[in-house]
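Please open the structure in your viewer and keep the sequence panel beside it, so that each selection can be followed in both places. The tour goes from one stop to the next, and at each stop there is something to select and something to look for.

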Protein chains: 2
Amino acid sequence: MNIALIGFGNVGQGFAAILRDKANDLHAQYGFDGKIVAVATGSRGTLYDPKGLDINALLIAIETGDLSAYPESATLERNWIVQRIATESNADAVVEVSPTNLQTGQPALDICYAALDSGKHVVLANKGPVAVAYHDLMKRAQAANKLVRFEATVMAGTPSIRLALQVLAGCKITSAKGILNGTTNYILTQMEGGMAYGSALQQAQELGYAETDPSGDVDGWDAAGKAIILGAALFGKQWTLDDLDVTGISGISSDDVAAAKQAGERWKLIATVTPEGGVVRPVRLSLADPLAGVGGATNAITYASDLMGDVTLIGAGAGRKETGFAALADLLDIHRLT
Amino acid sequence: MNIALIGFGNVGQGFAAILRDKANDLHAQYGFDGKIVAVATGSRGTLYDPKGLDINALLIAIETGDLSAYPESATLERNWIVQRIATESNADAVVEVSPTNLQTGQPALDICYAALDSGKHVVLANKGPVAVAYHDLMKRAQAANKLVRFEATVMAGTPSIRLALQVLAGCKITSAKGILNGTTNYILTQMEGGMAYGSALQQAQELGYAETDPSGDVDGWDAAGKAIILGAALFGKQWTLDDLDVTGISGISSDDVAAAKQAGERWKLIATVTPEGGVVRPVRLSLADPLAGVGGATNAITYASDLMGDVTLIGAGAGRKETGFAALADLLDIHRLT
């Protein structure tokens with residue numbers, strides 16, 4: 001399978017490294033041979049080699065800051081724009097791991113459309129296109145007889161999407177309720193340990209969980225984007241951020257946390273998704289709730305269903321390897337089904 | 001898909017009811033049309049109708065205690081033995097839900113072999129054949145180009161097997177650690193609430209969690225059978241019960257439970273499976289362990305893996321609907337792959 005990688009930050013590099021390190025296993029166990037034929041970045045260059053790029057050389061080049069350090073070869077092209085890669089390259093699948101824009105989904109959305117329209121499968125770690133245009137993406141995919149997968153967009157490689165859409169097939173899922181943002185869960189966990197909100201946030205930033213501008217996390221928008229994706233995937237809804245009821249954690253004080261603790265409860269930033277709508281807000285959970293025990297930057301989701309009652313999945317919600325694995329898992333699924 | 005149901009107790013009836021109640025959804029969403037053509041019981045009769053049996057009439061008949069109450073029809077056969085159904089019926093898949101024998105796997109194991117050898121897929125809720133002869137079953141299936149599925153054998157319909165074998169494909173799983181027996185978890189949870197062991201056991205029996213002879217549960221053998229299945233499926237091992245280190249919960253006193261509680265810990269009967277072996281024993285878990293928060297008859301499993309770290313799945317471990325769903329999920333998987 002020839003792969004075009006759109007975006008080559010942490011997740012893209014993690015994915016490439018997995019593809020390199022697991023090449024033998026993937027061939028032996030699943031008959032899967034993934035070859036990266038193109039890498040496109042926003043400002044650090046673009047490479048296309050229809051014969052395949054060398055992953056080691058890619059990772060070394062990007063460490064110098066720029067793909068221009070990637071060695072020359074007779075078949076290498078350096079100046080293709082992203083749209084051309086999506087359209088004209090010999091990739092079988094486009095893996096979209098560029099930064100998320102939850103308002104427009106762009107520029108990634110148009111890249112996805114171009115890829116599908118020219119007969120390529122699409123795998124996304126980028127939440128934007130999935131949140132903004134889930135149904136259009138699925139329609140285009142169906143028209144092209146290609147597949148769209150997006151496991152990485154919710155809980156990284158922890159298979160929240162596959163669990164709901166494939167593994168629980170036959171069950172009717174009636175709601176999803178999850179801890180979908182690791183940064184805020186880390187902060188709340190530290191606060192329960194006695195740390196003040198500001199210090200916990202600073203620590204989350206130092207650990208790389210939170211951005212320099214942490215508002216996307218602490219104000220609930222990251223979790224809201226994931227709630228939109230779940231609303232679309234589970235219930236066929238196409239909400240915008242404005243349709244959701246979103247409250248972040250910045251209003252939670254140390255006193256609030258202590259009061260919950262004393263009552264045998266815990267504050268968690270919970271995203272709840274039902275056919276009626278999506279809500280993101282801090283909730284005091286009883287310790288008997290499996291989500292209450294989820295500490296640190298870990299994520300979790302509980303699906304309520306007709307036949308199986310509650311099924312809860314707990315695992316990583318971010319990380320280079322963990323998100324890179326999600327893209328691999330999606331490609332393996334496509335490989336198995338095609 | 002024509003289905004022969006071997007065993008028509010709680011799980012078999014649950015499965016049949018789901019197939020009836022979900023028929024329209026399964027057809028519309030997955031193009032799946034499941035028809036029960038045969039039902040075999042140990043002592044309550046056997047029915048075979050190549051045109052399909054009426055599920056309502058089956059459920060009404062078995063309520064009278066015996067399948068002889070099932071109405072006559074021109075194509076109905078009443079006296080086929082199980083082996084003949086597995087061999088000569090027009091079933092595409094045999095669903096084995098008869099009682100488990102962890103020592104020999106029989107008589108179910110021979111039924112499974114006969115089914116595979118005569119070109120039928122096999123779905124098991126019966127742990128015996130999977131625990132005793134995993135590799136032989138897989139070899140026979142491969143030779144016949146048919147599939148064997150056994151989701152129901154560990155954690156009922158909570159997809160512990162599919163998660164490990166399919167969804168986490170690409171990850172190397174290094175260990176599994178689980179609460180795999182609901183009865184003992186229920187007893188330990190009640191003891192933590194202050195109840196004595198004997199009363200908690202009695203309550204578990206009244207609720208139908210524990211058998212009249214509870215030793216299979218409380219002495220750890222049920223969990224051990226599941227550990228054997230995980231050892232085979234995850235690590236290619238073929239252990240017997242004698243190969244495992246098994247300790248039940250009957251040695252756990254109220255004082256032990258109280259001491260753990262005071263230390264911020266909880267006793268759980270934990271099955272641990274690694275390539276080196278399987279252990280079932282009561283363990284004091286820190287409350288930070290996601291398994292510690294799993295109360296009542298609920299089951300849970302944590303897979304440790306190279307790329308994803310720990311992934312934990314929590315859900316029902318028993319139940320008529322929940323185990324029936326597992327068989328349906330397996331059939332849907334077979335339907336999708338064939």
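Begin by selecting helix α1 of chain A, residues 10–21, which lies across β1, β2 and β4 (93–96) of chain A and runs at about 155° to β1(A). Bear in mind throughout that this is a predicted model.

In chain A, the order β3-β2-β1-β4-β5-β6 describes an open sheet of 6 strands with mixed pairing. Its edge strands are β3 (46–48) and β6 (148–149) of chain A, each of which pairs on one side only. Within this sheet, select β1 (residues 2–6) and β2 (residues 35–40) of chain A, which pair in the parallel sense over 5 bridges.

Is A:His335 buried, exposed or partly exposed? Its relative accessibility is 27%, and therefore A:His335 counts as partly exposed. Next, show A:Met1 as well: although A:His335 and A:Met1 are 334 residues apart along the chain, their C-alpha atoms are separated by 8.0 Å. If you leave aside the neighbours within four places in sequence, the residues in contact with A:His335 are A:Met1, A:Tyr30, A:Gly31 and A:Phe32. For A:Tyr30, look at the backbone oxygen, which lies 2.9 Å from a polar atom of the side chain of A:His335.

Move on to chain B and select its helix α1, residues 10–21, which lies across β1 (2–6) and β2 (35–40) of chain B and runs at about 155° to β1(B). The open sheet of chain B has 6 strands in the order β3-β2-β1-β4-β5-β6, with mixed pairing. Here the edge strands are β3 (46–48) and β6 (148–149) of chain B, each pairing on one side only. Select β5 of chain B, residues 121–124, together with β6(B), and you will find that they pair in the parallel sense over 2 bridges, with B:Val123 standing opposite B:Arg149 in β6(B).

The next stop is a pair of helices in chain B. Select α6 (residues 127–144) and α11 (residues 221–235) of chain B, which pack at an angle of about 35° with their axes 9 Å apart. The crossing in which α6(B) passes α11(B) is left-handed. On the side of α6(B), show B:Lys127, B:Val130, B:Ala131, B:Tyr134 and B:His135, which meet residues of α11(B) including B:Asp222, B:Gly225, B:Ile228 and B:Ala232. The residues of this contact between α6(B) and α11(B) divide into 7 nonpolar, 2 polar and 3 charged.

Finish with helix α8 of chain B, residues 182–192. How many of the 11 residues of α8 of chain B are buried? The helix is mostly covered, with 9 of its 11 residues buried, among them B:Tyr186, B:Ile187, B:Leu188 and B:Met191. At the N-terminal end, B:Asn181 caps α8(B), with a side-chain oxygen 3.3 Å from the backbone nitrogen of B:Thr183. Beyond the helix, select B:Gly194, which follows α8(B) and has a positive phi, near 110°.

Key:
Residues numbered from 1 in each chain as written. Chains lettered and ligands numbered in written order. Predicted model: local features only at pLDDT ≥ 70, side-chain atom pairs only at ≥ 80, totals over all residues. Heavy atoms only, no water. Buried < 20%, exposed > 50% of the residue type's maximum accessible area, 1.4 Å probe, protein only. Helix = DSSP H or I, 4+ residues; strand = E, 2+ residues; numbered from the N terminus. Polar contact = N/O pair within 3.5 Å; in protein donor to acceptor, adjacent residues only side chain to side chain. Pairing = 2+ DSSP bridges. Contact = heavy atoms within 4.5 Å. Axes fitted to C-alpha atoms, helices over the stretch in contact; angles between N-to-C directions. Left-handed = near helix turned anticlockwise from the far one by under 90°. Nonpolar A, V, L, I, M, F, W, Y, C, P; charged D, E, K, R; others polar.
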